[in-house]
Amino acid sequence: MKLLTVNLGIRLSLAAFLTSAFGSFALCDESKPERTKAQSVQDFLNDYCVDCHNADDVKGNRSFEAIAGEITDEESLVDYQDILDQLNLSEMPPSDAEQPSSFDRMQAIELLTRQIEQFHAHRKPISTQTVLRRINAREYRNTIRDLLKLDTTIFDPAQDFPRDQTSEHLDNNAEWLVTSSHLLERYLLAADLAISKALLPLEKPIEQTWKFTKNFRQQPEIDNVHGKFNRYEHMTLYDVVGADKPEGAYGPILAFADGVPHDGVYEIRLRAEAVNRSHPYDEAFIGTDRERPFRLGIVPGEQTAGELHLPQPIEPLLAEIELADEPTWYTVRVRLDKGYTPRFTFRNGLMDVRDLWGKLVKKYPEQFDRNPKGIVEVRRAAIVDGKLPQIRIHEIEITGPIFDRWPTASQELLLGDDFSRVAQSGLLSTDEMRSHVQRFASLAYRRPATDSEIEKVMRLIAVRLTSGRSPVEALADGFKTVLCSPNFLYLGENTAGVGGELDQYALASRLSYFLWSSMPDQELIHLAQQGRLADDAELTRQTQRMLSDSRSDAMIDGFLDSWLALRQLGSAPPDRDKFTDYYRHDLAAAMREETDLFFRHLVDENLSLENFIDSNFSFVNRPLANLYGIDAPAGPGFAKVQLNDRRRGGLLGQASVLTVSANGFDTSPVVRGVWMLENFLGTPPSPPPPDVEPLDPDTRGAKTIREQLAMHRNVSTCNECHRKIDPLGFALENYDPIGRWRDRYVRSAKIDSSGELPDGESFTGIQDLKKIMLKREPQFARAMAEKMLAYATGRMMATTDRPAIDKIASSANGTRELIEQVVLSETFRSK
Amino acid sequence: MFPRFQPRRRSFLKAAGISIALPALESASSARASEKQVPPPKRMVCVGNEFGMYPGAFWPEEDGREFALSPLLEPLGKHRDNLTVFSHLDHGLKGGHFAVHTFLTGVKAVEASSMRDGGISLDQRAAEHVGSQTRFPSLTVGSENGLHGGCRMSWTRSGTRVPPIEGPRELFRMLFADTDAASRDRVFDRLDLQGSILDSIRSDANDLARLLNESDKHKLDEFLTSVREVESKLALDRRWQRVAKPKPPIDESDDLGLTRDLPKIYDLIALALQTDSTRVATLEVGGSFAASDLGIKQGYHGLSHHGQVQSNIDLLVQIEHYQVEQFSRFLDKLSSIREPESDGTLLSNTMALFGSGMGNANSHTNSDLPIVLAGGGFAHGQLLELPEQKNRRIPLSNLFVSMLQQFGVETDSFGKSTGTLTGLEMA
């Protein structure tokens with residue numbers, strides 16, 4: 001079944017050009033019928049298609065010779081739908097072949113449409129279902145967070161899981177979420193870790209204070225010179241964290257390298273100053289902004305994960321402080337996990353000081369006494385005699401862990417009112433344990449746990465008691481067992497009655513994993529319990545409630561990753577030489593944030609899907625505004641900005657999309673064109689034919705990419721797809737690999753971003769293309785609806801899902817309504 | 001090019017549920033220690049990179065036994081007579097970066113489930129044969145990072161990637177860091193607990209299966225299979241807990257990024273083989289391999305798209321030259337270690353494969369893969385030129401069949417193979 005489904009999915013996408021957008025085009029043609037003879041679909045195909053699409057030739061893998069004249073099965077449905085779409089788009093027959101009269105075309109379209117409708121009306125109940133679906137790593141992480149009420153700022157229970165496989169960028173496709181022994185081993189470890197973290201320590205840790213006032217050792221490369229220069233009296237920060245070989249980008253307290261003794265909130269007091277914000281050097285050369293306060297960041301570090309002065313895999317920004325120029329005390333509260341130590345960073349600091357030391361001394365020789373030679377002397381001169389922008393921290397105090405409640409929420413969840421007594425005695429009766437297991441398993445399984453399921457856990461607890469564990473330890477082992485059960489790891493998509501309708505609890509989970517990528521909350525479970533969730537009004541109400549909860553950020557993120565392939569942002573890192581700003585200002589994160597905020601805004605305000613194609617606003621921070629060449633917002637963060645220049649606006653003007661569709665050092669109209677067809681329009685092109693000669697790019701000559709591509713567009717087998725791909729890519733050529741506008745290539749050739757779409761409509765550049773696309777908004781809406789329904793159900797869409805997708809796309813007036821319509825669809829509510 | 005495989009998924013999955021090969025615990029016994037006559041075990045090491053080798057600097061001009069070393073083969077000069085270079089071998093696949101992961105499997109991950117052996121990779125197939133005879137059936141060193149997931153060379157039967165060991169520090173600890181007596185009790189207790197948990201969740205899965213339709217049941221089979229496999233791993237772990245790990249002849253060191261760590265990783269792999277901690281190792285040269293650590297400013301991936309610009313090609317070749325040098329150093333190491341109770345060196349019993357799933361990065365093709373095989377008891381010292389014509393090409397998997405047979409696996413097929421590799425003889 002799987003192969004068939006995948007195959008159908010791919011072919012559907014191929015065929016998924018929208019009919020309604022173009023239907024009117026053919027039907028409104030006013031030319032008189034040249035022939036009035038009623039013609040069958042077969043006659044039409046024989047006259048206009050079979051010349052190319054026959055068993056011997058099979059252009060585009062389609063042979064229409066054998067088509068029986070009626071739709072007999074889903075295989076032939078795919079062909080019919082494909083023919084209809086091509087006719088509606090006027091993409092077939094190709095312009096150099098004999099053309100049908102508009103009457104013939106119209107009639108064929110009508111006949112095909114009717115036959116397809118009839119097939120859908122009479123076909124058997126859906127055979128496409130979501131197969132038993134494992135929660136993926138992302139969902140596991142969120143579920144553990146919500147189930148055990150754990151803080152996951154630093155803790156990631158899924159950190160060591162093998163990466164989930166994706167299919168067409170979807171990371172929650174049930175077919176592809178395979179369970180292996182490697183994963184199960186890690187489930188065992190993660191369960192142990194998560195339960196221990198939630199339950200322990202049983203005794204409230206004592207609050208402590210650590211003070212650091214001297215001996216601030218620096219990164220080895222610059223440690224010696226600071227010892228001589230300031231006797232380690234303060235910590236000095238220079239680089240931003242994105243520097244290539246950073247020096248002074250991370251300031252750990254080496255005397256506190258072991259980190260905090262317990263998970264919890266810690267108060268950090270520090271006395272710091274911004275030094276040399278107004279430096280005596282050329283501003284562009286130094287690159288920091290004289291007008292803006294320096295920003296101090298705090299990230300966690302863990303010594304066993306590697307050098308504390310260098311980047312580490314886990315370093316979320318825990319706090320950020322705008323510094324005054326004179327030494328001042330600041331206080332922040334941050335979350336730190338056991339073993340993690342705070343590290344200080346310079347958010348808007350220098351870039352690549354390792355190179356800057358030398359450049360500075362060379363550029364301003366008169367300011368340096370001697371003529372230093374070699375990296376050691378140069379570094380010394382720049383640090384001691386230079387006036388480079390830097391942050392200095394003079395004193396640091398750390399106090400904690402501070403608990404706003406004890407027992408913690410996690411402990412209460414696991415042991416309820418028994419916690420304090422258990423913490424004292426370690427004792428629990430069997431009945432007490434059973435009731436804790438019953439409560440916890442019912443939460444974890446997202447439905448009431450059965451007696452037999454509970455008894456199994458109780459048996460394990462009994463075994464553990466026999467082997468000498470205390471009652472609370474044995475109970476904890478029982479909880480771990482629950483977290484390894486298939487009832488927790490797989491979504492139990494049970495159906496109620498015939499027709500494949502999900503039962504209430506399954507529906508609650510489907511809803512919560514769609515909108516939150518996590519388990520249902522109490523309200524959803526409560527509604528499921530009362531059997532009230534299947535009601536349309538209730539489902540809509542719940543969808544709106546869940547979308548207004550911050551947990552729905554997971555849907556924004558997860559869906560953008562799956563829809564636009566944004567997960568790959570950063571996987572082909574831009575060239576450091578050419579795109580310094582990308583690293584200096586952490587543009588990858590900013591790009592991502594823009595698209596997140598944009599999507600979020602369209603959902604919150606229920607704005608039209610047209611905004612994805614073009615909009616007169618977006619969200620930028622200062623570095624992103626600079627990248628776009630537009631006015632920056634006043635504050636340090638992101639703000640909504642009006643766009644008067646429509647080179648930006650819509651997804652196609654966003655750097656996230658433009659960067660993810662490039663490879664980090666140059667752009668290819670083919671790659672971006674394919675990206676557009678696959679993700680934006682939902683009509684992926686066929687892979688190149690097997691015998692095609694690959695293009696071996698040659699960038700030495702004066703030939704532009706357009707000229708190089710023209711060569712293979714002259715070959716008809718290539719041109720069949722490239723006439724669809726290349727024009728879309730050409731329109732984006734004005735954007736460089738990180739989405740900056742450019743009028744010329746580096747080798748000074750002027751960029752020609754005009755093109756002609758397969759149906760003959762031409763455009764001069766991206767702004768023009770967006771106007772054309774706006775006219776074709778229904779095609780976009782269909783593609784987005786298809787992807788969203790796939791994301792929501794955890795499976796590929798098949799041809800038989802087409803009516804549901806059409807209905808969702810056509811009935812949604814706005815982005816939030818699109819989500820609501822997905823939820824209300826029969827497909828979403830069925831297995 | 002290859003016979004079309006007719007997918008029979010349902011029947012396959014049913015079979016997979018019962019026939020999956022688990023490490024053969026009973027047969028393990030301590031065969032080696034007891035008798036002196038037993039020949040040294042066969043080993044296999046597979047090294048691959050993400051972007052291939054620049055063809056213009058890799059392929060030698062002549063073929064046969066007279067082949068002259070090309071610029072990229074020059075570092076292997078010392079081992080010229082103990083290696084074979086193969087031309088026109090590949091898997092007949094396309095996909096550029098998205099096909100690099102097929103290097104050791106011959107099938108794309110998306111098609112793995114329709115294959116008889118689930119798209120298992122060469123190294124894992126060999127590891128199954130080793131079973132529990134060594135502490136680690138196999139070691140895969142690499143990274144989850146890199147372009148489109150990096151090299152992704154090791155794949156299980158269930159079509160999932162073997163999670164890689166991320167650097168020399170982790171590898172060192174696996175090989176040498178022993179648990180002291182006190183913590184050993186805790187380890188055994190943990191193993192007990194995990195065993196009990198597996199019992200419990202297997203029972204949950206069996207109960208769950210009763211409520212499921214056929215296709216869901218097949219899906220749940222993955223879980224049940226995993227439970228069985230983890231049980232075997234626990235048994236293996238329990239057994240090896242009682243055996244002390246070898247004493248490390250070198251110190252543990254920090255991870256400094258793959259470029260700088262490469263020599264250390266090779267040394268550790270050599271030690272792992274020498275101490276018989278494993279007989280199968282795989283090394284993915286991707287992920288954190290940074291050109292900047294070789295003093296090159298441009299990125300590795302960018303250079304691989306050289307666009308025929310000579311300065312780019314020179315830098316690309318410099319990076320690749322370094323990788324070959326390190327492989328050669330590894331061969332030096334293996335050939336300097338004498339096998340106890342035999343006349344050979346470690347290299348005589350180690351098949352060391354070096355190559356890539358990428359043929360030409362500039363054109364993103366996965367054909368004519370750069371493939372070198374050293375050691376392992378084959379008659380080497382040639383450039384084996386295989387047919388170039390479209391309908392006569394030999395699948396790379398044929399070489400893998402020859403290697404598996406040499407390793408002792410009784411098989412005459414692997415992936416889409418059509419036989420063993422003609423022209424490669426035993427020494």
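Me: How are α7(A) and α16(A) placed relative to each other, parallel, perpendicular or oblique?
Reply: In this predicted model, the axes of α7(A) and α16(A) come within 9 Å and cross at roughly 135°. Angles over 145 degrees count as roughly antiparallel and 65 to 115 as roughly perpendicular, and the rest, beyond those under 35, are oblique. The two helices α7(A) and α16(A) are therefore oblique.

Me: Is the crossing of α7(A) over α16(A) left-handed or right-handed?
Reply: On the side of α7(A), the contact includes Tyr187(A), Leu188(A) and Ala191(A). On the side of α16(A), the residues include Phe479(A), Lys480(A) and Leu483(A). The crossing in which α7(A) passes α16(A) is right-handed.

Me: How many nonpolar residues does the contact of α7(A) with α16(A) have?
Reply: Among the residues that make this contact are Ile195(A) and Leu199(A) of α7(A) and Cys484(A) of α16(A). By class, the contact of α7(A) with α16(A) has no polar and two charged residues. Its nonpolar residues number ten.

Me: How many polar residues are in the contact of α15(A) with α16(A)?
Reply: The contact includes Leu460(A), Ile461(A) and Arg464(A) of α15(A), together with Asp477(A), Gly478(A) and Thr481(A) of α16(A). By class, the contact of α15(A) with α16(A) has eight nonpolar and two charged residues. The polar residues number two.

Me: Which helix gives the most to the side of chain A that touches chain B?
Reply: In the contact between the chains, 48 residues of chain A meet 57 residues of chain B. Several helices of chain A each supply at least two residues of that side, among them α1, α7, α16 and α17. The helix that gives the most, with six residues, is α15(A).

Me: Which residues have the most contacts inside the largest nonpolar core?
Reply: The largest nonpolar core has 205 residues. Leaving aside residues up to four places away in sequence, Phe780(A) touches Leu609(A), Phe612(A), Ile613(A), Phe680(A), Leu681(A) and Met773(A). A second, separate core of 87 residues includes Phe51(B) and Phe400(B). In the largest core, the residues with the most contacts are Phe780(A) and Leu789(A).

Me: Is Arg648(A) buried or exposed?
Reply: Arg648(A) lies in the loop between β13 and α26 of chain A. Beyond its neighbours within four places in sequence, Arg648(A) is in contact with Ser618(A), Tyr628(A), Ile630(A), Leu643(A) and Gly653(A). A residue counts as buried with 20 or more other C-beta atoms within 10 Å. Because Arg648(A) has 24 of them, it is buried.

Me: How far apart in space are Arg152(B) and Thr102(B), C-alpha to C-alpha?
Reply: Arg152(B) lies in the loop between β3 and α6 of chain B, and it is buried, with 28 other C-beta atoms within 10 Å. Not counting residues up to four places away in sequence, Arg152(B) touches His101(B) and Arg161(B). Arg152(B) and Thr102(B) are 50 residues apart in sequence, and their distance in space is 8.1 Å.

Me: Is Gln308(B) buried, exposed or partly exposed?
Reply: Gln308(B) is placed in the loop between α10 and α11 of chain B. Its phi is positive, about 65°, although it is not a glycine. A buried residue needs 20 or more other C-beta atoms within 10 Å, and an exposed one has 12 or fewer. Because Gln308(B) has 14 such neighbours, it counts as partly exposed.

Me: What is omega of the cis peptide bond that joins Leu200(A) and Pro201(A)?
Reply: Most peptide bonds are trans. Pro201(A) is found in the loop between α7 and β2 of chain A. The bond joining Leu200(A) and Pro201(A) is cis, with omega about -5°.

Definitions and conventions:
Residues are numbered from 1 along each chain as its sequence is written. Chains are lettered from A and ligands numbered from 1 in the order in which they are written. This is a predicted model: local features need pLDDT of at least 70, side-chain atom pairs count only at pLDDT 80 or more; totals for chains, interfaces and linings use all residues. A nonpolar core is a set of buried Ala, Val, Leu, Ile, Met, Phe, Trp, Tyr and Cys residues joined through C-beta atoms within 7 Å. Two residues are in contact if their C-beta atoms, placed from the backbone, lie within 7 Å. Helices (H or I, at least four residues) and strands (E, at least two) are DSSP runs, numbered from the N terminus. Ala, Val, Leu, Ile, Met, Phe, Trp, Tyr, Cys and Pro count as nonpolar, Asp, Glu, Lys and Arg as charged, and the others, Gly among them, as polar. Axes are lines fitted to C-alpha atoms, for helices over the stretch in contact, and angles run from 0 to 180 degrees between N-to-C directions. A crossing is left-handed if the near helix is turned anticlockwise from the far one by less than a right angle, and right-handed if clockwise.
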